[in-house]
Amino acid sequence: MAGRTKVDISLDAELVVEVMVLAGIGSPQDAVEAVVRDYIARGHRTEARVQVQDEPRRTADTAEQPPQG
């Protein structure tokens, strides 16, 4: 992506090494970035599932309410 802003952070070395091993990625930067991206993607998938599950309830609730006016 063009124009991305980067942030430098410090993390415990043992934590980063564990992430590298679990992710199977040799670069600390790439391993941590992969974990963060996965976390964000999981959050978006969860939001989408919750929205799909709540849609029938919202539709039913709206249908049951008398028109306001």
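Biologist: Where does valine 17 sit?
Modeller: Valine 17 is in helix 1. Bear in mind that this is a predicted model.

Biologist: How exposed is valine 17?
Modeller: Valine 17 counts as partly exposed, because its relative accessibility is 46% and that class runs between 20% and 50%.

Biologist: And how far is valine 17 from proline 28 in space?
Modeller: The two are 7.3 Å apart, C-alpha to C-alpha. In sequence, 11 residues separate them.

Biologist: Back to helix 1. Which residues there are buried?
Modeller: Helix 1 covers residues 13–23. Val16, Val19 and Met20 are buried in it. These three sit on the same side of helix 1, because they cover an arc of only 100 degrees around the axis.

Biologist: What about the other side of helix 1?
Modeller: There, Glu14, Glu18, Val21 and Leu22 are exposed.

Biologist: What caps the N-terminal end of helix 1?
Modeller: Aspartate 12 does. One of its side-chain oxygens lies 3.1 Å from the backbone nitrogen of glutamate 14.

Biologist: Which residue follows helix 1?
Modeller: Glycine 24. Its phi is positive, near 70 degrees.

Biologist: New topic. How many salt bridges are there in the whole structure?
Modeller: A search finds two. One joins the side chains of arginine 37 and glutamate 33, at 2.9 Å from N to O. The side chains of aspartate 38 and arginine 42 also meet in a salt bridge, at 2.8 Å from N to O.

Biologist: Where do arginine 37 and glutamate 33 lie?
Modeller: Both are in helix 2, four residues apart. That spacing is about one turn of the helix.

Biologist: And where are aspartate 38 and arginine 42?
Modeller: They are both in helix 2 too. Again they lie four residues apart, about one turn of the helix.

Biologist: Why do you call arginine 37 partly exposed?
Modeller: Because its relative accessibility is 46%. Glutamate 33 is partly exposed as well, with a relative accessible area of 27%.

Biologist: On to pockets. How much space lies in the largest pocket?
Modeller: About 480 Å³.

Biologist: Which residues lie nearest its centre?
Modeller: Val7, Ile9, Gln29, Val32 and Glu33. In total, 15 residues line the largest pocket. Glu33 is also the partner of arginine 37 in a salt bridge.

Biologist: Which element gives the largest share of that pocket's lining?
Modeller: Helix 2, residues 28–64, supplies six residues of the lining.

Biologist: What classes of residue make up the lining of the largest pocket?
Modeller: There are seven nonpolar, three polar and five charged residues.

Technical notes. Residues numbered from 1 in each chain as written. Predicted model: local features only at pLDDT ≥ 70, side-chain atom pairs only at ≥ 80, totals over all residues. Heavy atoms only, no water. 1 Å grid on protein atoms, 1.4 Å probe; cavity = no way out; pocket = protein on both sides within 12 Å on 5 of 7 lines; lining within 4 Å. Points joined across faces, edges and corners; volume = space filled by probe spheres on them. Helix = DSSP H or I, 4+ residues; strand = E, 2+ residues; numbered from the N terminus. Nonpolar A, V, L, I, M, F, W, Y, C, P; charged D, E, K, R; others polar. Buried < 20%, exposed > 50% of the residue type's maximum accessible area, 1.4 Å probe, protein only. Arc of directions from axis to C-beta. Polar contact = N/O pair within 3.5 Å; in protein donor to acceptor, adjacent residues only side chain to side chain. Salt bridge = Lys/Arg side-chain N within 4 Å of Asp/Glu carboxyl O.
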